[in-house]
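Trainee: Could we go through this model together, checking each label against its definition?
Mentor: Gladly, let's have a look.

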Amino acid sequence: MSIARCTTPFKVIGTTALSAMLLLAPLAPLASSAEDQSSPLRTYLAAKREAIQDQSAKPGTPTAIHAKVTAESRSGVRRLRIGPTGEFQYISDSGRNYAGYNLGAGSWDSLVGTLASSVADEYVVQAAVQGVPLDGLDVVFTSIPERKSETLAYPNNLSYVAYIDSPATDAQLQALKRAVHENSSAIDLVTRPQQVSHADVEYIHSAAERDPKLPPGLRDFITEEKRPAVLARQVKPGAGKARPAEPETLVARAHVEPRTGLRRVFLGKDGYHQQLHDSAPGLLGYGLAPTVEEHLLGVTGTCLTHIFEVQAASRNVLLDSLELTVDGQVSPRFGSNVRSPARYSDIRYKVRIESPASEQEIDALRQSVEATCPLYNLVKDEQKLEGSIVRGAYADATR
């Protein structure tokens, strides 16, 4: 397959104070050649290669992943806390037409963003392993949602374009792409069916009538805001009316910061919501953001939490609190004992619910959530993913 060439010059965009500071900070020793000194990303790749060699000389151990999602009281927004102490947090929200406030990216957008970032990260790692010089890297990931049944739809038709600025040959870049697809734990997560446990529910019975002195809470959000929005979506178009609009393409761009390897992710066509991902500590990570492996699994938890809200609204089940945890592990990427690529395993969910509903109603709620949750089923199913490479720096006239 030939590699397309892009000759449009890169457009400089504004940065936040944090990213500007990171862009200017000399975090790795410069290589001796003048050519490498003119390319911060090549300097970073040389340091990454040394870190990989150091990890490869030691026994590798699996990485435990833990994330917690809380439905926040009256607003219903999903707060995602990543890591054992919840040191990294994201807000996931719906649009106003679905009883949200657009305070954060939705789960579908976040999934596409984490996939873009994970692919970009794997290109950097494999370029370091293979000694392929890179001067710039952006990955644009797209997905066209697809309806699997009357009650289930999720992001599908997964594809990406890697914009690579590099003097490497076409053959080197094709070999690089093959290595990315063979080794990426994220690509494996969405392209192979995964063994995922049923959610373990911790049920706490609450009073049927709330204390009127208490401020409005989650049950008020479910009944007064989410339920009308959900029921409005369930109304089927009448005869002679226009067919529902085709699903809108999801898009995200991950930009690799050349001096640090951090990935800045712009979600949606307008890049309104942004996310930041870092590398693991042993692979030149700086502890500034979660790894994409952590965030990717956490995003499935935000989706499940949202569908608990949706199904509770649809079935008129009152909820007073809703908290979900997701755990799993990723096998080591490098190590003296590593013989296969890193892969996810032991993915499990636990839900803590306070509700005046009966145990039978809560179990029926859980079953309906698992049957209709987009990302829960996406991970359980098998997807196709295609990728291509365009030579040249990424350019977007809107930024």
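Trainee: Where does N157 lie?
Mentor: N157 sits in the loop between β7 (153-154) and β8 (158-165); helices (H or I, at least four residues) and strands (E, at least two) are DSSP runs, numbered from the N terminus. This is a predicted model, where local features need pLDDT of at least 70, side-chain atom pairs count only at pLDDT 80 or more, and totals for chains, interfaces and linings use all residues. Residues are numbered from 1 along each chain as its sequence is written, and side-chain values use heavy atoms, leaving out hydrogens and water.

Trainee: Why does N157 count as partly exposed?
Mentor: Buried means under 20% relative accessible area, exposed over 50%, and partly exposed in between (1.4 Å probe, protein chains only). N157 has 37% relative accessibility, so N157 counts as partly exposed. Its phi is near 50°, a positive value in a residue other than glycine.

Trainee: And why is A99 called buried?
Mentor: Its relative accessible area is 6%, so A99 is buried. A99 is in the loop between β4 (88-92) and α4, and its phi, near 65°, is a positive value in a residue other than glycine.

Trainee: What lies at K226 in helix α7?
Mentor: A kink of about 45°, shortly before the proline P228. The bend at a residue is the angle between axes fitted to the seven residues ending there and the seven starting there. K226 is among the buried residues of α7, including F221 and I222 as well.

Trainee: What makes α7 roughly perpendicular to α8?
Mentor: Their axes come within 8 Å and cross at roughly 80°. That makes α7 roughly perpendicular to α8, because angles under 35 degrees count as roughly parallel, over 145 as roughly antiparallel, 65 to 115 as roughly perpendicular and the rest as oblique. Axes here are lines fitted to C-alpha atoms, for helices over the stretch in contact, with angles from 0 to 180 degrees between N-to-C directions.

Trainee: Which residues touch the most other members of the largest nonpolar core?
Mentor: Y123, F141 and Y349, in a core of 93 residues. Such a core is a set of buried Ala, Val, Leu, Ile, Met, Phe, Trp, Tyr and Cys residues joined through side-chain atoms within 4.5 Å. Helix α4 (residues 107-130) supplies the largest share, 11 residues.
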